[in-house]
Amino acid sequence: MAYSRARLKDARAAIANSNAQVVHVHNIYPGWGPAVHLAAARESVPLVMTVHNYRLRCPNGLTFTQGEPCTRCVGGAYYNAVVHRCFPTVAQSAVYAASLWMHRFILRFEDRTSLFIAPSLFMRDRLVSWGLPSSKVRVIRNFTDSPLHDEGRGKGGLFAGRLSMEKGVDLLLRALVRAGDPPFTIVGDGPEGAALRSMARDLGLKNVSFTGLVTPETARGFVSRCRFLVVPSLSDENAPLVALEAMAASRPLLVSDRGGLPELARDGGGLVFRSGDVDALAAQIARLAQDDALCEAAGAAARERIRAEMTPEAHREALEDVYRSVVARAVVA
């Protein structure tokens, strides 16, 4: 996390032996830490970073802790990660807090990055609000290689993801009660799994099923057979891949208004509700459970968004354009 001479040596060798013109990183924590950024700088190779979460400013990467959105560390006061127990243990909180402070203020990762890729407009705006030059941030949407198809309207609603506090699944369960207990499947598991299953029983939900952990292939099967996908997040989601897979399968989205989620539901591809509003979520669930025409129209619009903007081919072309631009800039410099 903080620094590893062996990791730095490995990264420099990998860059040199491959004759790389560009280094592209995604999540560097906890596996590589500062090694790749330092290695690219020492080998004079431009580095591009796709920003999937908020760890440039937030130790846990979520800007969410203790049940609510949090920006306490954005200005550099990383001790808040320890004070507010942003990780399961104090030691883990302290390591992440200290490492991120060093990477930001001492090693200056952001200065060593040639260009940042944001998968959503929201993430782009967040990075610029943190002080990154807009000229160093490019929006490239995530993509899905799921086949584009329409197998009818499907059956029941679906949530697929980690069962943790920031995902808002407890909110979803309460909304399902108010929506009349429609058929619904919850795919995945996590630290809140047991509590959420107990909550569903206590609420008297008879038509909600929990699958637990499944393989990615099985999860895709659930997505392709559902009627609509719900992403009720309380935190600022960036661009979750499960939403893209649902869109490719002509499944409408029902998402909270946090982060980049509303961008995915635009142009008729789904519905948006105010994060944390149980009644609003329940009303939209009821609409999608009952309105066949709405589901068909929204599903078709979602599929066309994927076809137009979020295919592997579109993603590759955008990446190649970024690579050419940073290489050209490095040659001029």
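Let me begin with a term: helices (H or I, at least four residues) and strands (E, at least two) are DSSP runs, numbered from the N terminus. What we have above is a predicted model, in which local features need pLDDT of at least 70 and side-chain atom pairs count only at pLDDT 80 or more, while totals for chains, interfaces and linings use all residues. Residues are numbered from 1 along each chain as its sequence is written, and side-chain values use heavy atoms, with hydrogens and water left out.

I will start with the charged pairs. Side chains of opposite charge can pair when their charged atoms come close. By salt bridge I mean a side-chain nitrogen of Lys or Arg within 4 Å of a carboxyl oxygen of Asp or Glu, and the structure holds 22 of these salt bridges.

One of them joins the side chains of D236 and R126, with 3.1 Å from N to O. This pair links distant parts of the chain, since D236 sits in the loop between β10 (228–231) and α9 (241–248) and R126 belongs to helix α5 (residues 121–129), 110 residues apart. Are these two residues buried or exposed? Both D236 and R126 are buried, where buried means under 20% relative accessible area, exposed over 50%, and partly exposed in between, with a 1.4 Å probe and protein chains only.

Another salt bridge is formed by R220 with D145, whose closest N and O atoms are 2.8 Å apart. R220 lies in helix α8 (residues 216–225) and D145 in the loop between β6 (137–139) and β7 (157–160), so the pair ties together parts that are 75 residues apart in sequence. Here R220 is partly exposed, with a relative accessible area of 34%, and D145 is exposed, at 51%.

The side chains of D267 and R266 also meet in a salt bridge, at 3.3 Å from N to O. Which residues are joined with them into one network? Salt bridges that share partners connect R266 and D267 with R305 and E309. In terms of accessibility, D267 is exposed, with a relative accessible area of 56%, whereas R266 is partly exposed, with 31%.

Let me return to helix α5, whose buried residues are M123, R126 and L127. They cover an arc of only 100° around the axis, which puts them on the same side of α5; the arc is that of the directions from the helix axis to the C-beta atoms. After α5 comes G131, whose phi is positive, near 105°.

Now to the empty space. Rolling a probe the size of a water molecule over the atoms shows where empty space is left. On a 1 Å grid over the protein atoms alone, a cavity is a set of points where a 1.4 Å probe fits but cannot get out, and a pocket is an open set with protein on both sides within 12 Å along at least five of seven lines, while lining residues have an atom within 4 Å of a point. Grid points are joined across faces, edges and corners, and a volume is the space filled by probe spheres set on the points.

The structure holds two cavities of 30 Å³ or more, and about 190 Å³ of space lies in the largest cavity. Of the 17 residues lining that cavity, I28, Y29, M49, R55 and L56 are the closest to its centre. Helix α4 (90–105) and strand β2 (47–50) are the elements that give two or more residues to this lining, and the largest share, three residues, comes from α4.

For the second largest cavity the volume is about 90 Å³, and among its 16 lining residues C58, P59, C70, C73 and C86 lie nearest the centre. At least two residues of this lining are supplied by each of β3 (64–65) and α3 (80–83).

Turning to the pockets, the largest pocket has a volume of about 620 Å³. Its lining consists of 26 residues, of which H52, K167, E237, P240 and L241 lie nearest the centre, and the elements giving two or more residues are β7, β10 and α9.

The second largest pocket, finally, has a volume of about 460 Å³. Of the 20 residues that line this pocket, the closest to its centre are L62, C86, R162, S164 and E166, and β3 and α4 each supply at least two residues of the lining.
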